[in-house]
Amino acid sequence: MAKLEDETASLPELRKIEERLDAEIFARMEEIEESGTEILNLHGDLDDQIAEHDYMAVEQSAAALRSLVDVETVLPAVDTVLLLTALRDGTSLPDLTLPLASFADDESWDHARLTQEGLDREFKATLVRADQRWQEVWGDHAWDHEDERRSQQAEHRAEAESEAIKERADRAGTHLMGLVDHIGETLWPALVEAVESGDRERAVLALAAAASAARATESAYKLYEVNLSIRFESSPESMGAMGEFLSGAQAWLLS
């Protein structure tokens, strides 16, 4: 009877401990899931910012993404959920010996990659196709004067080059958005699912892949910035209000 009374008396305390564990697990899990929501929200922000050529806001959004995928913040939250869940459920404690540093090689992950060399190759190919189209349409045309032919061809080439410059900058911006989407739509859900299922190894792999893609946004932004600058030099008017602002700032600096 005394033993039964002791066990009965300890039940309220055990329930309180379990409630505290549940609350802590919920709080840490909510942190991880909220980060995923914020990453998805960045897609909409970037879409607007890139459409408006607001490169300063784009840079801030890329930095915000890297902050959300901060390994030193996310991994402790993951491990807290896994450890407390195991304690609450009386299951085996997770193996925490698999370090994230084991997956630090950025080249081993399958997120999209883009380089200036790749953009320039496509740029040149676009101009070659434009020249071919001109030849197909105007190559056999009987010109009254050779100067007229050269002038028309030069005008066509200038228009094609201007459009290709815009497309190159747009592609760099799209690449940056693609990295954000890859993390928010693929890698973070995989991380959440792994944590919920108690699979730390899979969670670490998903987090490592997300961290690698997040690091890639720094160089992706630089690529976007460089090609947006080239677009501004080529045709400021094509950048709308931002082009007007930058042209005004440039004129003021040179005055």
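Colleague: What volume does the second largest pocket have?

Modeller: About 170 Å³. A pocket here is an open set of points on a 1 Å grid over the protein atoms alone, where a 1.4 Å probe fits, with protein on both sides within 12 Å along at least five of seven lines. The volume is the space filled by probe spheres set on the points, joined across faces, edges and corners. This is a predicted model: local features need pLDDT of at least 70, side-chain atom pairs count only at pLDDT 80 or more, and totals for chains, interfaces and linings use all residues. Residues are numbered from 1 along each chain as its sequence is written, and side-chain values use heavy atoms, without hydrogens and water.

Colleague: Which helix gives the largest share of the lining?

Modeller: α3, with 5 residues. Helices are DSSP runs (H or I, at least four residues), numbered from the N terminus.

Colleague: Switching topic: at what angle do α3 and α5 pack?

Modeller: About 30°, with the axes 10 Å apart. The axes are lines fitted to C-alpha atoms over the stretch in contact, and angles run from 0 to 180 degrees between N-to-C directions. So α3 is roughly parallel to α5 (under 35 degrees).

Colleague: Which residues make the contact?

Modeller: V74, V78, V81 and L82 of α3 meet W188, L191 and V195 of α5, with contact meaning heavy atoms within 4.5 Å.

Conventions
1 Å grid on protein atoms, 1.4 Å probe; cavity = no way out; pocket = protein on both sides within 12 Å on 5 of 7 lines; lining within 4 Å. Helix = DSSP H or I, 4+ residues; strand = E, 2+ residues; numbered from the N terminus. Parallel < 35°, antiparallel > 145°, perpendicular 65-115°, else oblique.
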